[in-house]
Amino acid sequence: MLKEDVLKKLTDCGLVAVVRANNAEEAIKISDACLAGGCTGIELTFTVPGADKVIAALAEKYSNGEMMLGAGTVLDPETARMAILAGANFIVSPAFNAETAKLCNRYRVPYMPGCATITEVITAMEAGADIVKIFPADLYGPKIIKDIKGPLPQAQMMPTGGVDKDNVADWIKAGVVAVGAGSSLTKGAKTGDYNAITETAKEFIANIKAARAELNK
Ligand SMILES: O=C(O)C(=O)C[C@H](O)[C@H](O)COP(=O)(O)O
């Protein structure tokens, strides 16, 4: 899939579900539940046992392109390559890694590295990151976006860490192109309540849409 199409689909939805699970079955159920709630962006993390196989299974299941499937917690280029060959459409990491950026650029796959300072944001953008993940976002709160956008109005950001359905509007209004959400979105999995995940995803999406509508007034 073209890099431009991946980025458009991710930002059109605005929500990327960070999927952590104890096993492949649970990871697939969480991903399905998020998609059913309208969250088309899925970040399958490499803390899931056999993550590359889960990515391959989801890529096959959703070969129609309905799910924009990425890999998370990618710490190095070896893992990024494994994820891309398994079918990942984008790569997310908790911190910037230059070799991973290079690998992703080679395959023309979006790389979204975690950045916690303005220096890291600039370094990541210089290495070709189209969207930078602001992580851990709850360390700063939405105000950090305005601070970064002052000198860097061109920065496209995706805060991750502590984002939930109730604070997502503040992040969108601050000017981010998408958010990443893990525990607040997928906590239903702990009790096997996958419907709760779908409902939470729906609320997330509704709140993102409402915040965007307000911005465009
Ligand atoms: O794996 C990575 O690359 C990450 O760094 C993602 C973090 O696990 C998320 O920040 C989850 O955060 P919560 O939404 O607060 O659960």
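**Notes on the parallel sheet and its flanking helices**

1. Three bridges join strand 4 to strand 5, and these two strands run parallel; strands pair here if DSSP finds at least two bridges between them. Across this pairing, Ser93 stands opposite Pro113 in strand 5. From strand 4 the chain crosses through helix 5 to strand 5, a right-handed β-α-β crossover. Right-handed is meant in this sense: with the strands pointing away from the viewer, the path from the first strand over the helix to the second runs clockwise. Helices (H or I, at least four residues) and strands (E, at least two) are DSSP runs, numbered from the N terminus.

2. A word on the ground rules: this is a predicted model, where local features need pLDDT of at least 70 and side-chain atom pairs count only at pLDDT 80 or more, while totals for chains, interfaces and linings use all residues. Residues are numbered from 1 along each chain as its sequence is written, and side-chain values use heavy atoms, with hydrogens and water left out.

3. Strand 3 (residues 68-72) joins strand 4 over two bridges, and Phe90 in strand 4 is the bridge partner of Gly70. Strand 5 likewise pairs with strand 6 (residues 132-134) over two bridges, with Cys115 opposite Ile134. Together with helix 6 (residues 118-126), strands 5 and 6 make a right-handed β-α-β unit.

4. How is strand 5 covered? Both of its faces are: Tyr111, Pro113 and Cys115 on one side and Met112 and Gly114 on the other are all buried. Buried means under 20% relative accessible area, exposed over 50% and partly exposed in between (1.4 Å probe, protein chains only). In a regular strand the side chains alternate between the two faces of the sheet.

5. Helix 5 (98-107) has Thr100, Ala101, Leu103 and Cys104 as its buried residues. Seen down the helix axis they fall within an arc of 165°, so they line one face of helix 5; the arc is that of the directions from the helix axis to the C-beta atoms. The face turned away from this buried side carries the exposed residues Lys102 and Arg106.

6. There is one aromatic pair by the ring rule: rings of Phe, Tyr and Trp (its six-membered ring) pair if their centres lie within 6.5 Å, and planes under 30 degrees apart count as stacked, over 60 as edge-to-face and the rest as tilted. Phe96 and Tyr111 have ring centres 6.3 Å apart and planes at 45°, so the pair is tilted. Phe96 lies in the loop between strand 4 and helix 5 and Tyr111 in strand 5, so the pair ties together parts that are 15 residues apart in sequence. Phe96 is partly exposed at 25% relative accessibility, whereas Tyr111 is buried at 3%.
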